Amino acid sequence: MPGPRDQLIDFVQDLAQVPQVDIPGGRWLDLPDGRTWLTDVPGPTDDAPAVILLHAVGCTGLLTWFPVIEALSERYRVVTFDQRWHGRGITSEYFSLRDCADDVAAVIDALELDRPIVAGYSMGGVVAQRVWRQHADRIGGLVLCATTDHFRTKGSERVFHQGMEWSMGGLRTLSRSKTVRTTARLAAEAFEVGPTDTGQWALAELRSTSPWAVAAAVAALGRHHSTPWLAQIDVPTAVVVTAKDRVIPPERQRSIAAHIPGATAHEADCGHSGCVMNAEEFLPAFLQAVNTTNARVRDSA
């Protein structure tokens, strides 16, 4: 199984092929546990329904989602932010998926959003599941993309995630201040480059998350296991299956839809980096998933 850093390197090498696009600006948002970098793109009307986009491991909010924001904002208010330990996200003593889900609830409260749809890609899909688990009353629906309900199903996955967990345990004695300083320096470099060239900007965004943070997030993902409670999810849910995915097998993604009552499945003919590298394939399936979920949210109101 290729490591997440190898996947990210391949991803960056492919970014040179991405056409130049306009990257929306952002701002700092203060939350109870710290501050994060947030992009809040208004919809066509003041009361447009809101969608919160949660990014993949090792990425930032904009790096995962920049190809879809413009099209999505034609109907929705679109919010994305850097999750903790990623990009310009919150720094904390430990990385926890539970804390990440609490951060989503904090963003909902800070922006006074009314039961938004929470859409997550890969790691973001795992966090989205936990948002329902911990804060079901805050959200209207879920869109789970290129994600799973559990890892460590194969021997190679168990060895990989267990190795990450042991490594992180051994490294906890290192100076937290050193980690914070490194992350801050990389984030500053991302600011300096600016969104003048998509490939250059994307590389700076990627470098703003330290290898330490990636390892911590991967270790946490290895402990994720939502299978026992997927059937309890009671908000409208859609699953976007990346049908050529070699990181999270498509059958595992389809299994999520099969376990969540009433969930709809939407196939995108792309791999795990399809949200960016094959946006022309991913975007139609994703928009269909969001629109279907939004219609169900309205009908249930």
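The entries below go from the sheet to one strand in it, then to the helices.

**Ground rules.** I am working with a predicted model, where local features need pLDDT of at least 70, side-chain atom pairs count only at pLDDT 80 or more, and totals for chains, interfaces and linings use all residues. Residues are numbered from 1 along each chain as its sequence is written, and side-chain values use heavy atoms, with hydrogens and water left out.

**The sheet.** I started with the strand order and found an open sheet of 8 strands, β1-β2-β4-β3-β5-β6-β7-β8, with mixed pairing. At its edges sit β1 (27–31) and β8 (264–268), each of which pairs on one side only. On average, neighbouring strands are turned by 25° against each other, direction ignored. For my own reference, strands (E, at least two residues) and helices (H or I, at least four) are DSSP runs numbered from the N terminus, and two strands pair if DSSP finds at least two bridges between them.

**Strand β5.** Next I asked how many residues of β5 (residues 117–121) are buried. The count is 5 of 5, where buried means under 20% relative accessible area, exposed over 50% and partly exposed in between, with a 1.4 Å probe and protein chains only. Ile117, Ala119 and Tyr121 point one way from β5, while Val118 and Gly120 point the other way.

On one side I found β3 (residues 50–54), parallel to β5 and joined to it by 4 bridges; Val51 stands opposite Ile117. β5 also pairs in the parallel sense with β6 (residues 141–145), over 5 bridges, and there Tyr121 faces Cys145. I followed β3 to β4 (residues 77–81) as well: these two are parallel, with 4 bridges, and Ala50 has Arg77 as its bridge partner.

**The crossover.** β5, helix α4 (residues 123–135) and β6 make a right-handed β-α-β unit. With the strands pointing away from the viewer, right-handed means that the path from the first strand over the helix to the second runs clockwise. I then saw that α4 lies across β3, β5 and β6, at about 145° to β5.

**α3 and α4.** Helix α3 (residues 97–111) and α4 cross at roughly 70°, their axes coming within 8 Å. They are therefore roughly perpendicular; angles of 65 to 115 degrees count as such, under 35 as roughly parallel, over 145 as roughly antiparallel and the rest as oblique. Axes are lines fitted to C-alpha atoms, for helices over the stretch in contact, and angles run from 0 to 180 degrees between N-to-C directions. Among the residues that meet are Leu97 and Val104 in α3 and Val127 and Val131 in α4, contact being heavy atoms within 4.5 Å.

**α2 and α11.** Helix α2 (residues 61–72) packs on α11 (residues 279–300) at about 50°, with axes 10 Å apart. That makes α2 oblique to α11. The residues in contact include Trp65 and Leu72 of α2 and Phe282 and Phe286 of α11.

**Asn294.** Last, I asked where Asn294 lies, and the place is helix α11. Asn294 is buried, with a relative accessible area of 7%. Beyond its neighbours within four places in sequence, Asn294 touches Pro49, Arg75, Tyr76 and Ile117, and Ile117 brings me back to β5.
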